[in-house]
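Please have a look at the sequence and the fold before reading on.

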Amino acid sequence: MAQGRISRGRWVSLGLLGLGVAALSAALLLRSGEEESAPTVATGGIYAADTPLASLPKPLLPGMILLTPEQMVRVPFIDGFQAPLGLANGGFSYDAQGFGAPNEQRDGNHTGQDLNGIGGEDSDLGDAVYAAARGMVIFSGDGGPGWGNVIIVAHRIPGDARIIQTLYAHLDTCGVKVGRLVGRGEPLGTVGTAGGQYKAHLHFEAVASCAVEAGQRGYAKGGVMNRLDPDELMAHYPAPPVPDPYAAVRRLRIREAALQNTEAPAAAELPEGSIPVSPTQFL
């Protein structure tokens with residue numbers, strides 16, 4: 001009799017164990033299916049599994065896409081800011097609508113600068129647009145209605161915990177892809193008209209944000225506007241009067257990669273006082 005009760009107890013235990021195993025297996029299968037499915041903009045951001053731009057929704061609302069911790073770590077430190085159009089010091093360009101100017105079209109104040117070549121009208125159509133500082137490209141593509149093609153570069157400033165971004169809008173062409181590390185003064189794209197919506201010019205913004213901000217209005221948090229005055233930013237962190245060595249080092253890395261598995265040329269003698277540098281240390 002006692003043995004019968006024990007036997008029935010064992011069967012009950014085995015039955016409960018079986019139900020638990022079945023439930024666990026079902027959960028694992030569901031999770032496995034989720035992991036095997038391709039990440040989407042909603043679940044993983046535009047960088048998940050190299051999501052192609054063609055698969056992004058239009059109009060894009062990138063202001064809701066936060067940068068990942070890995071992306072924020074990869075953002076390089078700047079050595080200063082320079083003008084993104086014309087000469088590095090702003091020569092051969094002018095600001096047609098400055099930061100903070102009344103902007104009736106958008107029912108508020110202008111959140112950036114409208115930079116033009118000195119010829120005005122469409123004379124600067126196709127002119128090169130340069131990275132204002134060393135950084136990482138976090139957006140390149142259609143910014144939504146009214147914006148045209150947009151490139152956003154993220155920067156890190158020594159001693160500043162924020163991620164600072166520069167935004168280049170109304171472009172005719174985008175010449176860099178998301179994830180690319182660029183040097184200060186490196187070409188990003190060309191001046192455009194946002195698909196014929198405006199006379200050719202570069203809309204340039206400086207943004208304090210950890211989210212992609214293309215196509216989004218500037219916002220205030222605790223009374224502090226997340227858009228920055230580009231002129232004040234450049235005045236506070238001026239670029240040195242020499243080209244950014246990062247771009248040159250990057251070209252060396254590309255050349256080094258091309259020479260892999262081939263016979264390396266004989267090393268040239270370095271001038272006295274030179275410090276030998278391996279391009280591979282700049283990762």
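This is a predicted model: local features need pLDDT of at least 70, side-chain atom pairs count only at pLDDT 80 or more; totals for chains, interfaces and linings use all residues.

Let us begin with strand β10, residues 187-191. Four of the five residues of β10 are buried, so the rest of the structure largely encloses this strand. Strand β5 (residues 128-130) pairs with β10 in the antiparallel sense, over three bridges. Strand β8 (residues 163-174) is also an antiparallel partner of β10, with three bridges. T190 in β10 is a handy place to look: A128 stands opposite T190, and T173 stands opposite T190 too.

A194 is not a glycine, yet its phi is positive, near 55 degrees. F92 likewise has a positive phi, of about 65 degrees, without being a glycine. The loop that holds F92 runs between α3 (69-74) and β1 (93-97). Are these two residues buried or exposed? F92 counts as exposed because its relative accessibility is 55%, over the 50% cut-off. A194 counts as buried because its relative accessibility is 5%, under the 20% cut-off.

Now to the cysteines. How many disulfides does a search of the whole structure find? The search finds zero.

| Residue | Relative accessible area | Class |
|---|---|---|
| C174 | 29% | partly exposed |
| C210 | 36% | partly exposed |

C174 also belongs to β8, whose residues are 163-174.

Note on methods
Residues are numbered from 1 along each chain as its sequence is written. Side-chain values use heavy atoms; hydrogens and water are left out. Helices (H or I, at least four residues) and strands (E, at least two) are DSSP runs, numbered from the N terminus. Buried means under 20% relative accessible area, exposed over 50%, partly exposed in between (1.4 Å probe, protein chains only). A disulfide is a pair of cysteine sulfur atoms within 2.5 Å. Two strands pair if DSSP finds at least two bridges between them.
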